[in-house]
Amino acid sequence: MPQPPPVRHAPTPQQFHTYEGGPAFVREPRDELFLLAVGNFVAQRTFYESGAERDERYVRLVGRLAVEDPEWTAGLLRWLRGEGNMRTASLVGAAAYVRARLDAKASGGPSNRSVVDAVLQRADEPGELLAHWTSAYGRNVPQPVKRGIADAVRRLYSSRSLLKYDTASHGFRFGDVLNLVHASPDPAKPWQGALFRYALDRRHHPETAVPPASDTVLTAHRALMELPVDERRAVVTGPDGSERLAAAGLTWEALAGWLHGPLDAAVWEAVIPAMGPMALLRNLRNFDAAKISAEAAGRVAARISDADEVARSRQFPMRYLSARKHAPSRRWAAALEQALGHSLANVPALPGRTLILVDRSDSMFWDTVSERSELTRADAAAVFGCALALRAQQADLVEYGWTSREVPFTQGEPVLEVVKRFRKLGGTHTTKAVRTHYREHERVLIVTDEQAAAYDPGGPAEPVPADIPVYTWNLAGYRPAHAPTGPHRHTFGGLTDAAFRMIGLIEAGRRATWPWTAEPADATDPAQSPW
């Protein structure tokens with residue numbers, strides 16, 4: 001693996017330069033935090049910043065705005081965990097929100113308790129938030145954090161979530177969380193008291209812990225665990241195997257360990273009906289290796305390409321590109337292309353002529369879209385640039401670096417086929433590319449990390465008439481901006497397609513807003529971009 005470049009420290013506001021030496025503009029704090037939040041996976045190193053530097057900047061901005069503008073900051077954190085689908089950033093942000101407001105003795109605005117509760121949406125997250133808090137701020141957990149976690153525990157803890165997430169791999173088990181926050185059962189869930197007692201017994205007395213007799217899921221799970229190993233495979237492949245596993249809350253992740261052996265075609269075909277779309281995506285290569293039948297593969301393809309399933313799974317479009325790269329079998333290609341199309345449902349069909357420029361510089365290839373992904377920001381930029389071009393009435397699609405060129409495509413082509421035509425092009429001469437390819441287009445959209453080289457002091461929007469919209473879609477969230485926002489100059493951010501909706505709103509003449517509120521981004525200037 002190539003060694004990362006040395007971290008180049010952020011320019012001071014007085015320098016007004018990008019990391020590559022081009023002219024830059026300092027963002028308003030809310031703009032900076034939003035772009036950083038949607039482009040940041042916590043602890044992830046990028047081409048120009050270490051993971052620690054980005055995390056410190058994120059926590060600092062959240063803390064500042066939690067005191068100065070708590071309504072906006074709480075809205076951002078809720079949106080990040082909801083529509084933004086970014087777990088870690090929202091949890092770390094909620095902890096920073098509470099810490100800053102407690103330190104400042106701030107009053108008013110959304111309560112600390114409600115913000116903590118709002119960002120916890122999966123049953124392992126109460127423990128994750130406690131693990132982060134104790135690591136970052138010490139073992140003294142303040143009451144608002146405990147109460148917010150207790151509220152979430154009542155919502156999230158169930159028999160199935162206990163079987164899935166209460167495992168030795170988690171630093172804080174369900175019993176640890178219950179001990180720390182003293183959550184009382186939800187009065188509307190009469191079974192929850194017995195579940196809480198069982199979770200505590202599992203943690204502190206695992207050798208004698210017995211699930212409540214009234215809990216059918218936990219008792220069915222215990223019965224499966226007590227089956228002799230040599231009888232287990234017959235249970236899975238039997239006529240009601242899938243239903244029995246589902247009734248016992250036994251997930252596919254635990255299945256190989258339970259069987260004490262690999263998952264072959266017969267086992268996979270038995271459990272596929274009970275698997276969710278995300279689990280199916282993750283296992284396409286395993287299905288190929290096991291040689292599942294054409295009939296079973298057809299059922300998998302139908303599930304992963306179903307528009308309703310894609311909408312419910314809330315997966316980033318990058319997930320489908322990743323699945324395509326990791327499962328190169330042609331039998332999945334059409335389904336993954338359809339799923340990718342469904343995940344880009346918010347991409348607008350832009351009228352008239354549009355110039356779309358996609359950054360193919362070195363930094364875009366070095367940075368991945370998350371710490372655990374092999375996909376780069378260059379992959380993300382290419383997918384979204386292609387999606388826009390294919391949906392537009394008439395588009396010129398351009399890739400640029402030191403040089404630039406048009407990327408050929410025809411309407412109706414699969415996005416993933418057009419993506420294959422992109423190349424790596426070195427530096428970041430954004431203004432040069434705009435100047436070369438702008439030909440009286442009705443709008444310009446640039447997909448980039450904004451770290452333009454010092455080619456032209458005018459900036460990338462300078463070659464475009466002032467009344468023509470220029471949209472920058474920033475994938476990295478670095479502090480220096482390659483152009484100021486203002487009338488007809490807008491900056492979006494992140495890897496979700498939610499930002500695409502704003503293009504249509506702006507072009508329809510409506511005031512731009514943050515995605516979680518009707519409040520204009522800058523109440524003093526209705527033409528300002530929120531991003």
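What percentage of the 531 residues in the chain do buried residues make up?

Modeller: The model is a predicted one, in which local features need pLDDT of at least 70 and side-chain atom pairs count only at pLDDT 80 or more, whereas totals for chains, interfaces and linings use all residues. Residues are numbered from 1 along each chain as its sequence is written, and side-chain values use heavy atoms, with hydrogens and water left out.

Buried residues make up 56% of the 531 residues in the chain; buried means under 20% relative accessible area, exposed over 50%, and partly exposed in between, with a 1.4 Å probe and protein chains only. The chain has 26 helices and eight strands, taken as DSSP runs (H or I, at least four residues, for helices; E, at least two, for strands) and numbered from the N terminus. Contact means heavy atoms within 4.5 Å. Of the contacts in the chain between residues at least 6 apart in sequence, 69% join residues at least 24 apart.

Helix α7 covers residues 143-156, 14 residues in total. From first C-alpha to last, α7 reaches 20 Å, close to the 20 Å expected at 1.5 Å a residue; the expected span is 1.5 Å times one less than the number of residues. Eleven of these 14 residues are buried, so α7 is largely enclosed by the rest of the structure. The buried set consists of P144, V145, K146, G148, I149, A150, D151, A152, V153, R154 and L156.

Helices α4 and α5 have axes that come within 9 Å and cross at roughly 175°; axes are lines fitted to C-alpha atoms, for helices over the stretch in contact, and angles run from 0 to 180 degrees between N-to-C directions. That crossing makes α4 roughly antiparallel to α5, since angles under 35 degrees count as roughly parallel, over 145 as roughly antiparallel, 65 to 115 as roughly perpendicular and the rest as oblique. On the α4 side the contact is made by S90, L91, A94, Y97, V98, R101 and L102, and on the α5 side by N112, V115, V116 and V119.

The loop between α4 and α5 holds K105, which has a positive phi of about 55° although it is not a glycine. Most residues other than glycine have a negative phi. K105 counts as exposed, at 73% relative accessibility.

Helix α6 contains A136, which counts as partly exposed at 43% relative accessibility. A136 and A96 are 40 residues apart in sequence and 9.5 Å apart in space, C-alpha to C-alpha.

Helix α8 contains S161, a buried residue with a relative accessible area of 10%. Leaving aside neighbours within four places in sequence, S161 is in contact with A123, L156, D166 and F174.

T219 lies in helix α11 (residues 216-225) and is partly exposed, with a relative accessible area of 29%. A polar atom of the T219 side chain lies 2.9 Å from the backbone oxygen of D215, and the backbone oxygen of T216 lies 3.1 Å from a polar atom of that side chain. Not counting residues up to four places away in sequence, T219 touches P212 and A213.

Helix α20 (residues 317-326) and helix α23 (residues 377-391) pack at an angle of about 110°, with axes 10 Å apart; α20 and α23 are therefore roughly perpendicular to each other. In this pair, P317, M318, L321 and K325 of α20 meet D379, A380, V383 and F384 of α23.

Finally, in helix α25 (residues 430-437), T430, T431, A433, V434 and H437 are buried. Seen down the axis of α25, these residues fall within an arc of 160°, so they line one face of the helix; the arc is that of the directions from the helix axis to the C-beta atoms. What covers them includes the strands β2 (353-359), β3 (394-400), β4 (404-406) and β5 (443-448).

Key
A polar contact is a pair of N or O atoms within 3.5 Å; within protein, one must be able to donate a hydrogen and the other to accept it, and residues adjacent in sequence count only if both atoms are side-chain atoms.
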